[in-house]
Amino acid sequence: EKGKYIKIIISLLNAPSTAVIYECAGTLVSLSSAPTAIRAAANTYCQLLLSQSDNNVKLIVLDRLNELKSSHRDIMVDLIMDVLRALSSPNLDIRRKTLDIVLELITPRNINEVVLMLKKEVMKTQSGELEKNGEYRQMLIQAIHSCAIKFPEVASTVVHLLMDFLGDSNVASAIDVVVFVREIIETNPKLRVSIITRLLDTFYQIRAARVCSCALWIIGEYCLSLSEVESGMATIKQCLGELPFYSVSEEGEATDASKKTPQANSITVSSRRPAVLADGTYATQSAASETAFSAPTVVQGSLASGNLRSLLLTGDFFLGAVIACTLTKLVLRLQEVQPSKVEVNKATTQALLIFVSMLQLGQSPVLPHPIDNDSTDRIVLCIRLLCDTGDGIRKIWLQSCRQSFVKMLSEKQLRETEELKAKAQVSHAQPDDLIDFYHLKSRKFVNDNDDANKLNRILQLTGFSDPVYAEAYVTVHHYDIVLDITVINRTKETLQNLCLELATMGDLKLVERPQNYTLAPESSKQIKANIKVSSTETGVIFGNIVYETSNVLERTVVVLNDIHIDIMDYISPAVCTDAAFRTMWAEFEWENKVAVNTVIQDEKEFLNHIIKSTNMKCLTP
């Protein structure tokens, strides 16, 4: 009879009630997998997505579209532009979900349309003054990045637009752009010249140290011709400004360096705390003593005089080491492409002067804390290298860095393809699996595993001698806890207005009000209670059962055992990108020192032990 019903449902799709057409679409999908039925359902969902103003409704509809995408991808591909229109919603969760769906529906046929739309959205984030614009822009940049990696031919249309955002005030999206540029310049050799030219033109706009260091690496690796190498060196010198970085003033009075130092992107660190350096390692920083300011010093430089200079004057010597490495690579390459020995010597001496000036600044009393040992070693290594270069060393600096980057990119691609394969291969039953008919099995062979598992999760809530016996079966699914409670009347009387009253402690919330029931003598009742979890804290559910009997006027109360909800039920192993991890790490104070008492001697084994017992995943290989 399916055909008859489908006709009725399709005619109901024109009903004025949105609730009706939502239900119709869901019913169509479950009844039929014919392309016309699926297309009608998908069109209905897209229509609801645009017409409904409630964000929760939009999120639910996006979930439905996501389910359709995994089972009927071909039909969803045709509706990709309709789904993309949901980006007009200002809610970030809706935008994120929309982009996730769209990125899996991209084909060579629709890639240009999608990228054009994403570019328009990026442009919109520039003009508006919305608070979440930076975050949204970052999502769009990541989406464009993955489009360009899947379809390299579109990279040329987006890379220059995105490079305008290298100086973005939202550091996270600027980092995304520079990482994107770094990957594209390697995977699309045709774009190398135009990217380098554009990067050198816009380099002075970059304000964040991490973006600067990545951009410097690109300049050091991909400036290959004579003119590019010379422009690269000129750009870096211009952004460092005049040397030296500080000078001793003539007057006798002391000038406080911190007042003269531009505070762009600076982090004030108290004298006792370890600071996290740009590469994620720690350095203990001791503030310079009061007497250090007795020498009259003035630091020259402001934001106007160059971004690298102002960052160096805030004490970012990790960046100083990156500048030194980049200049060293450029000088080594200049030695290969510049026939004039005089020019090469001139460039070498200028680079050495910059290195020495940075070391001098780092050891001077001008800055509140001196240069760290790692950066000193790196800059000194660069000085030694330029004074005496062997062929082996030259090969390491000019070729090996690039080779390891290429290897990193290919490993990343391999990981992504493996993940896609793993997703595609989830099958619920193998072709030659045995089919079990429970009722035809001999009783001996019935597998009690599932039932035994269920029995382990049953909690006794009252005692056996209580007039009402209760036990609960607890299921935790993501952020929902369902309690299946069985209540048994142990007395010979009818219990009236029996009510299960629950209360919670921690971040748990009861979804519905308790109902009253009447329980006949020695009968039982199944009561379901739903509880929402709003954060992953360990919570407690407690409560009591209240009832009346016909011959006693007051109500009787039976207190229940507490149910402890364990945080481990919500944790499942997951992955996230390195950039996302760094952002979260910066946002929260994660670190707590915990004294470890263990018999395990090997740290790898200990790491695996922690991963297993906390149900987490190690992010790096």
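Mentor: Let's start with a definition: a strand is a DSSP run of E with at least two residues, and strands are numbered from the N terminus. Please keep in mind that this is a predicted model.

Trainee: Where is the place of Asn-497, then?

Mentor: Asn-497 has its place in strand E8, which covers residues 495–505.

Trainee: Why is Asn-497 called partly exposed?

Mentor: Its relative accessible area is 32%. Buried means under 20% and exposed means over 50%, so a value in between counts as partly exposed. Asn-497 therefore belongs to the partly exposed residues.

Trainee: What makes the phi of Asn-497 worth a look?

Mentor: Its phi is near 50°, a positive value in a residue other than glycine. Most residues other than glycine have a negative phi. Glu-522 also has a positive phi, about 55°, and is not a glycine. Glu-522 sits in the loop between strand E10 (516–519) and strand E11 (524–533).

Trainee: What kind of peptide bond joins Leu-243 and Pro-244?

Mentor: A cis one, with omega about -5°. Most peptide bonds are trans. You will find Pro-244 in the loop between helix H14 (226–240) and strand E1 (246–248).

Trainee: Let's turn to the rings. Why is the pair of Phe-581 and Trp-585 called tilted?

Mentor: Their centres are 5.8 Å apart, and rings pair if the centres lie within 6.5 Å. The angle between the planes is 35°. Planes under 30 degrees apart count as stacked and over 60 as edge-to-face, so the rest are tilted. That puts Phe-581 and Trp-585 in the tilted group. The structure holds five aromatic pairs.

Trainee: How far apart are Phe-581 and Trp-585 in helix H22?

Mentor: They are four residues apart in helix H22 (residues 578–587), so about one helical turn separates them. Phe-581 is partly exposed, at 31% relative accessible area, and Trp-585 is partly exposed at 31% too.

Trainee: Which residues form an aromatic cluster?

Mentor: Trp-217, Tyr-222 and Phe-405 form one. Another ring to look at is Tyr-136: Arg-95 lies over its face, at 3.6 Å from the ring centre.

Trainee: How do you know whether Ile-323 is buried or exposed?

Mentor: Its relative accessible area is 0%. Buried means under 20%, so Ile-323 is buried. Buried residues make up 38% of the 621 residues in the protein.

Trainee: What is Ile-323 in contact with, leaving aside its neighbours within four places in sequence?

Mentor: Ile-323, in helix H17 (residues 317–337), is in contact with Leu-216, Ile-236, Leu-240, Leu-308, Leu-312 and Met-358. Contact here means heavy atoms within 4.5 Å. Lys-237 is 86 residues from Ile-323 along the chain, and their C-alpha atoms are separated by 10.0 Å.

Trainee: How many cavities of 30 Å³ or more does a search of the whole structure find?

Mentor: One. Rolling a probe the size of a water molecule over the atoms shows where empty space is left. The largest cavity holds about 30 Å³ of space.

Trainee: What gives the most to the lining of the largest cavity?

Mentor: Strand E12 (residues 539–549) does, with three residues. The lining residues include Leu-461, Ile-541, Phe-542, Gly-543 and Asn-561.

Methods
Residues are numbered from 1 along each chain as its sequence is written. This is a predicted model: local features need pLDDT of at least 70, side-chain atom pairs count only at pLDDT 80 or more; totals for chains, interfaces and linings use all residues. Side-chain values use heavy atoms; hydrogens and water are left out. Rings of Phe, Tyr and Trp (its six-membered ring) pair if their centres lie within 6.5 Å; planes under 30 degrees apart count as stacked, over 60 as edge-to-face and the rest as tilted. Buried means under 20% relative accessible area, exposed over 50%, partly exposed in between (1.4 Å probe, protein chains only). A charge sits over a ring if NZ of Lys or CZ of Arg is within 6 Å of the ring centre and within 35 degrees of the ring normal. On a 1 Å grid over the protein atoms alone, a cavity is a set of points where a 1.4 Å probe fits but cannot get out, and a pocket is an open set with protein on both sides within 12 Å along at least five of seven lines; lining residues have an atom within 4 Å of a point. Grid points are joined across faces, edges and corners, and a volume is the space filled by probe spheres set on the points.
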